Amino acid sequence: MSRLRSAVARVTVFRPTVAEAIAGLVLLLLLVAALWPNLLAPGDPLAVSRTDAFQPPSLAHLFGTDESGRDIYTRVIHGAAESLRIGVLATAIGIGLATVLGFAAGLGPRWLDFGTTRLVEVLFAFPGLLLALLFIVVTGPGVLSSTIAVGLATAPGYARIIRSQVRRTASAEFVEAARVLGRGRLWIVVRHILPNVTAALFVLATLGLGQAVIWVSSLSYLGLGAVPPAAEWGAMLAAGRTYIANFWWMTFFPGLAIVAGAAAATVIGRGIQKRNRSAL
């Protein structure tokens, strides 16, 4: 009976809220659009039809058409793959670099902790988007440059959180007990510290994905990432801003996709973060 109650309690704890359920459905839809776009929009996102230019949303064109007659719904669906791919890569770069810095500062000697922490603080003093722009100025614009730039710009904030988590875990009683039993440093890191930091890394990755999508889209909007006629949400916003006064749908639907993707990832990340805290 006690086992049944504990199982019911775990199900209750992990029952998603309405917001989390909606966010999960949005992320699932975006994942399907990114992996199998032809299931949702079988057309060509680059197909041009001058006779269909500037068509408003209708049954024939759900999101309307742009200045070249391209179907915006098709472009938004196919653009999910490009936007999410760049966002995931940027998040992976940021989390990977932050993990190295966080573990070096959290487990290294005092001089390494001091130097790494000062470096992270200096980088963290710059606004993230400004740091990304500085990197692009040095390396030149492009999809690869903007992806790396966003990853580097988000790494300092992640590194501070990972360092704090590593130091908290390293000073825990079960880690001290492992040291007393003669366990090696590598064994302690792999068996105790890394598993306890993994949950924080997963939360950071989920939250960072939404932020990365917005930043990468912003750089594309400025012409520093993907450029028109690429089916990328930020590039579509840049292409539609000239016509926003008369043809609102050219910017509304790509912008809606950016907001929906970022908000859904943030809601899921916050939900995981709250459950991790309540489990402590």
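Helix 4 and helix 5 sit oblique to each other, where oblique is what remains once angles under 35 degrees (roughly parallel), over 145 (roughly antiparallel) and 65 to 115 (roughly perpendicular) are set aside. The model is a predicted one, with pLDDT of at least 70 needed for local features and 80 or more for side-chain atom pairs, while totals for chains, interfaces and linings use all residues. Residues are numbered from 1 along each chain as its sequence is written, and side-chain values use heavy atoms, leaving out hydrogens and water.

Now for the pair itself. Helix 4 runs over residues 72–107 and helix 5 over residues 110–125; they pack at about 140°, and their axes are 7 Å apart. Helices here are DSSP runs of H or I with at least four residues, and strands are runs of E with at least two. The axes are lines fitted to C-alpha atoms over the stretch in contact, with angles running from 0 to 180 degrees between N-to-C directions. On the helix 4 side, the contact (heavy atoms within 4.5 Å) is made by Leu-101, Ala-104 and Ala-105, and helix 5 brings in Leu-112, Asp-113, Thr-116, Thr-117 and Val-120. Sorted by type, that makes five nonpolar residues, two polar and one charged.

Helix 4 also holds His-78. This residue counts as buried because its relative accessibility is 16%, the cut-off for buried being under 20% (1.4 Å probe, protein chains only). Beyond its neighbours within four places in sequence, His-78 touches Pro-37, Asn-38, Ala-41, Gly-43, Pro-45 and Ala-231.

Terms used:
Ala, Val, Leu, Ile, Met, Phe, Trp, Tyr, Cys and Pro count as nonpolar, Asp, Glu, Lys and Arg as charged, and the others, Gly among them, as polar. Buried means under 20% relative accessible area, exposed over 50%, partly exposed in between (1.4 Å probe, protein chains only).
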